[in-house]
Amino acid sequence: MAQRWTDLLFAHWPVDPGVVRARVPGSLALDLHDGTAWVSVTAFLLSRLRPRGLPPMPCVSRFPELNVRTYVTRGGKPGVFFFSLDAGRRLAVVGARLLYHLPYFAAAMRIRTASDGTITYVSRRTRGRTPAEFLASYRPAGPVVQAEPGTLDHWLTERYCLYAVGARRRLCRTDIHHAPWPLQPVEADIARNTVSEAAGFSLPAPAPRAAFARRLDVVVWWPTRVTPGV
């Protein structure tokens, strides 16, 4: 599947590893940076969703998406683990849950861009037992810089697979390909973030680490089962 991510906000928080460990499957090892676990919220517009080589899919190719994630590894391959993914298209939610085994939720979402470039991002989960809302305004505040290997920003963003637990508690991995992130400094005001609370984390505002990315084209492969013991 090919897709495009636009006007993306990265917001990152350091979290005690024990708190994160309790919410991650035992088949995955936490990936720590200097002994600390991190939890991130990413907000963006997903567009041009399509099977690779085909036109965008009608009625499902463009919608806001909001993720809560942490950083894990298995068999020496670092990746991300999602606690939740909110999306503004119910059909996309159903498809992603079925095909990728990811905890997607339907949400009422809105993105607006002001004349000065400030993006207002609003999300309210409409399905699920726990209410989850997100309200933020943000805009880029500097030139594009690609994170250097070994830096925290590189560790947080340059991830090329995701892990999920599928049917019968089987661990699956989905590989992802994209160019290095075109990161920019960001001015961000997160006014409400109960989407992280719904995932079990109380994260203070402002986020101690944040970045912006204008656009990134991505290819996502189909998930494959991770062999036990590997």
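Two strands pair if DSSP finds at least two bridges between them. Helices (H or I, at least four residues) and strands (E, at least two) are DSSP runs, numbered from the N terminus. The model is predicted: local features need pLDDT of at least 70, side-chain atom pairs count only at pLDDT 80 or more, and totals for chains, interfaces and linings use all residues. Residues are numbered from 1 along each chain as its sequence is written, and side-chain values use heavy atoms, with hydrogens and water left out.

**View 1. Strand E1 and its two partners.** Strand E1 covers residues 2-15. Ten bridges join E1 to strand E13 (residues 209-220), and the two run antiparallel. Ala 11 stands opposite Ala 210 in E13. E1 is also antiparallel to strand E3 (residues 37-50), with eleven bridges between them. Here Leu 9 has Ala 43 of E3 as its bridge partner. Of the 14 residues of E1, 13 are buried (under 20% relative accessible area; exposed is over 50%, partly exposed in between; 1.4 Å probe, protein chains only). The strand is therefore largely enclosed by the rest of the structure.

**View 2. The whole fold.** The protein has four helices and 14 strands. Its radius of gyration, taken over C-alpha atoms, is 17 Å. That agrees with the value near 17 Å for a compact globule of 230 residues (rule: 2.2 Å times the number of residues to the power 0.38). The C-alpha atoms fill a box of roughly 55 × 45 × 35 Å along the principal axes. Buried residues make up 50% of the 230. Among contacts (heavy atoms within 4.5 Å) with a separation of 6 or more, 66% link residues 24 or more positions apart.

**View 3. Arg 23 in its loop.** Arg 23 sits in the loop between helix H1 (17-21) and strand E2 (29-30). With a relative accessible area of 34%, Arg 23 is partly exposed. Leaving aside residues up to four places away in sequence, Arg 23 touches Phe 81, Phe 83, Ala 199, Gly 200 and Phe 201. The C-alpha atoms of Arg 23 and Arg 69 are separated by 11 Å, although the two are 46 residues apart along the chain.

View 4. The whole structure holds ten salt bridges (a side-chain nitrogen of Lys or Arg within 4 Å of a carboxyl oxygen of Asp or Glu). In one of them, Arg 125 pairs with Asp 86, the closest N and O atoms being 2.8 Å apart. Arg 125 lies in strand E7 (residues 119-125) and Asp 86 in strand E5 (residues 77-87), so the pair ties together parts 39 residues apart in sequence. Both residues are buried.

**View 5. Partly exposed salt bridges.** Arg 139 and Asp 116 meet in a salt bridge of 3.4 Å, N to O. Arg 139 belongs to strand E8 (residues 133-140), Asp 116 to the loop between strand E6 (104-113) and E7, so parts 23 residues apart in sequence are tied together. Arg 139 is partly exposed at 28% relative accessibility, as is Asp 116 at 45%. Arg 209 forms a salt bridge with Asp 153, with 3.0 Å between the closest N and O atoms. Arg 209 is in strand E13 and Asp 153 in helix H3 (residues 152-157), so this pair links parts 56 residues apart in sequence. Arg 209, at 33% relative accessibility, counts as partly exposed. Asp 153, at 25%, is partly exposed too.
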